[in-house]
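I opened this notebook to record what I looked up in one model.

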Amino acid sequence: MHIPSYEDMLLAHDRIVPHIRRTPVRTSDYLNELAGCQLFFKCE
């Protein structure tokens with residue numbers, strides 16, 4: 001089994017970067033308080 005190196009990941013990033021769409025990550029103080037932890041919501 002091949003374990004990817006950091007360089008492998010950088011090369012993969014270079015290949016897919018034209019297809020990456022950045023979307024915001026949100027948090028909610030209210031829901032964090034209810035859950036008792038920090039929650040993150042990826043808005044796709």
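**Basis.** I worked with a predicted model, in which local features need pLDDT of at least 70 and side-chain atom pairs count only at pLDDT 80 or more, while totals for chains, interfaces and linings use all residues. I number residues from 1 along each chain as its sequence is written, and side-chain values use heavy atoms, with hydrogens and water left out.

**Fold.** I found 2 helices and 2 strands in the protein chain (DSSP runs, H or I of at least four residues for helices and E of at least two for strands, numbered from the N terminus). From the N terminus on, the elements run α-β-α-β. The C-alpha trace spans about 40 × 25 × 15 Å along its principal axes.

**Burial.** I noted that 7% of the 44 residues are buried (under 20% relative accessible area; exposed is over 50% and partly exposed in between, with a 1.4 Å probe and protein chains only).

**Cysteines.** I looked for disulfides (pairs of cysteine sulfur atoms within 2.5 Å) and found 0. The sulfur of Cys 43 lies 17 Å from the closest cysteine sulfur, in Cys 37, and is therefore too far for a bond. Cys 37 is partly exposed because its relative accessibility is 39%; Cys 43, at 31%, is also partly exposed.

**Helix α2.** I located Tyr 30 in helix α2. Tyr 30 counts as exposed because its relative accessibility is 61%.
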